[in-house]
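Visitor: I would like to learn how to read a protein structure. Please take me through some features one by one.

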Amino acid sequence: MRVALVCPYDITVPGGVQAHVTRLAERLKIGGDDVLVVAPARHDPPDDVHAVGGSVGIAFNRSVAPIAYSPLAIRRALAALRGFAPAVVHVHEPAAPLLSLAMCLGARHPLVGTFHAWSDRDRLYRAARPLLRAAIGRLDACIAVSRPARDYHAAALGLPAGSFLEIPNGVEFDRFSAAAADADRAADAPTVLFVGRLERRKGLEQLVRAFIRVKTQRPSARLVVVGEGPERRRCEAIIPERLRSQVTFMGRSRPDDLPSLYAAADVFAAPALGGESFGIVLLEAMAAGTPVVASAIPGYRTLLRDGVEGRLVPPGDVAALAEALDTLLGNPSLREAMSRAGRETAQRYDWPVVARQVRDVYADVIERAGA
């Protein structure tokens with residue numbers, strides 16, 4: 001079938017929604033579908049992306065969302081849809097300005113929407129509820145990537161939770177699990193890994209402070225930080241001079257390098273303070289066989305069972321985070337048990353499984369539109 005995927009966020013900027021759209025497009029193409037991705041792009045986009053213009057960062061949900069800023073983006077997107085003539089248009093984050101919201105209102109095709117976000121604040125959604133209800137009312141099917149994302153949007157928009165299907169994010173299981181077989185975990189240098197944007201809500205500051213505590217018990221431990229963002233300098237400054245050689249800030253990593261980075265770590269840390277609806281990085285770590293220490297926020301609790309695939313700790317609790325890291329670093333047999341459980345869990349979220357569920361929604365929507 002011909003499928004158009006609409007991403008409201010700059011496809012050239014790393015992010016969970018952008019990664020989801022990119023992987024879904026790849027999997028649909030492998031299955032034989034003709035796919036067009038419509039998105040803003042600040043830099044040169046991939047060949048299969050129809051770029052509708054640049055992007056500007058706006059503050060949302062304690063992060064920065066790189067969205068299209070020009071009304072011309074709407075015209076370009078609608079023109080692309082007319083030329084491509086998709087059987088279905090799949091809009092990601094349907095309530096997000098400018099592009100996704102406009103496609104819900106303006107596209108004349110069967111529409112599917114996927115809701116990714118979760119937050120503990122919904123004032124903006126409630127203020128714009130009449131407009132958002134009008135746009136979302138045009139969707140033929142609504143998908144939420146997790147129960148927290150479903151419940152958040154249902155409450156904020158005044159919709160029944162039963163209006164949403166739950167289809168999770170996916171992970172390229174084979175790619176990450178293959179790296180585990182070649183992992184070189186140095187016994188004399190236990191390693192903690194962090195992957196994500198370096199912004200306050202991701203909890204890097206709390207991880208750095210916890211790692212400083214861990215070093216008193218495990219002098220050889222190392223911390224590897226992958227990602228870039230406004231918190232980098234501040235977090236670097238927290239580290240005492242004597243420990244700076246044991247903390248590596250790698251900046252952004254190429255996607256091809258991520259599996260080996262996960263697999264080489266002894267523990268993956270996800271200390272986010274909130275704002276996460278799911279946790280793709282947790283799945284990637286588990287697929288690579290790396291146990292996880294994560295904050296007990298709703299989006300992470302949907303994936304990780306405390307004491308099974310890893311440990312859950314109260315968000316922002318430096319002492320609890322340090323204790324959990326120290327426990328796992330000091331217990332190889334526990335890490336091995338969590339590694340096995342994590343791989344079993346991650347396999348259920350393999351992209352072929354997830355894409356098949358999404359494609360079933362497309363088929364149903366198209367059938368109903370034809371009827």
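Visitor: In what sense do strand S1 and strand S6 pair, and over how many bridges?

Guide: Keep in mind that this is a predicted model. Strands of a sheet pair through backbone hydrogen bonds, either parallel or antiparallel. Here strand S1, residues 2-6, and strand S6, residues 88-92, pair in the parallel sense over 4 bridges. To find the place by eye, look for alanine 4, which stands opposite valine 89 in S6.

Visitor: What is the order of the strands in the open sheet?

Guide: The order is S3-S2-S1-S6-S7-S8-S9, which makes 7 strands with parallel pairing. The edges are taken by strand S3 (49-51) and strand S9 (164-166); each has a single partner strand, so one side of each is left without a neighbour in the sheet. On average, neighbouring strands of this sheet are turned by 25 degrees against each other, direction ignored.

Visitor: Which helices lie across these strands?

Guide: Helix H2 (residues 72-84) lies across S1, strand S2, S3 and S6, and runs at about 170 degrees to S2. H15 lies across S1, S6, strand S7, strand S8 and S9, running at about 130 degrees to S6.

Visitor: At what angle do the axes of helix H1 and helix H15 cross?

Guide: The axes of H1 (residues 16-30) and H15 (residues 351-370) come within 10 Å and cross at roughly 80 degrees. That makes H1 roughly perpendicular to H15. On the H1 side the contact is made by His20, Arg23, Leu24, Arg27 and Leu28, and on the H15 side by Trp351, Pro352, Ala355, Val358, Arg359 and Tyr362. By type, the residues of this contact of H1 with H15 divide into 7 nonpolar, 1 polar and 3 charged.

Visitor: How do I read strand S11: which strands pair with S11?

Guide: Strand S10 (residues 191-195) and S11 pair in the parallel sense over 5 bridges, with threonine 191 opposite arginine 222 in S11. From S10 the chain crosses through helix H8 (residues 204-217) to S11, and this β-α-β crossover is right-handed. S11 and strand S12 (residues 247-251) also pair in the parallel sense, over 4 bridges. Valine 224 stands opposite threonine 248 in S12. S11, helix H9 (residues 232-238) and S12 make a right-handed β-α-β unit.

Visitor: How many residues of S11 are buried?

Guide: S11 is mostly covered, with 4 of its 5 residues buried.

Visitor: Why is helix H11 described as largely enclosed by the rest of the structure?

Guide: Of the 8 residues of H11 (residues 280-287), 7 are buried, so the helix is largely enclosed by the rest of the structure. Among the buried residues are Ile280, Glu284 and Met286. H11 is followed by glycine 289, whose phi is positive, near 80 degrees.

Visitor: Where is phi positive in a residue other than glycine?

Guide: Most residues other than glycine have a negative phi, and most peptide bonds are trans. Alanine 85, in the loop between H2 and S6, has a positive phi of about 55 degrees. Glutamate 93 has a phi near 50 degrees and is placed in the loop between S6 and H3.

Visitor: Which peptide bond is cis?

Guide: The peptide bond from proline 97 to leucine 98 is cis, with omega near -10 degrees. Leucine 98 is in the loop between S6 and helix H3 (99-106).

Methods:
Residues are numbered from 1 along each chain as its sequence is written. This is a predicted model: local features need pLDDT of at least 70, side-chain atom pairs count only at pLDDT 80 or more; totals for chains, interfaces and linings use all residues. Side-chain values use heavy atoms; hydrogens and water are left out. Buried means under 20% relative accessible area, exposed over 50%, partly exposed in between (1.4 Å probe, protein chains only). Helices (H or I, at least four residues) and strands (E, at least two) are DSSP runs, numbered from the N terminus. Axes are lines fitted to C-alpha atoms, for helices over the stretch in contact, and angles run from 0 to 180 degrees between N-to-C directions. Angles under 35 degrees count as roughly parallel, over 145 as roughly antiparallel, 65 to 115 as roughly perpendicular and the rest as oblique. Contact means heavy atoms within 4.5 Å. Ala, Val, Leu, Ile, Met, Phe, Trp, Tyr, Cys and Pro count as nonpolar, Asp, Glu, Lys and Arg as charged, and the others, Gly among them, as polar. Two strands pair if DSSP finds at least two bridges between them. A crossover is right-handed if, with the strands pointing away from the viewer, the path from the first strand over the helix to the second runs clockwise.
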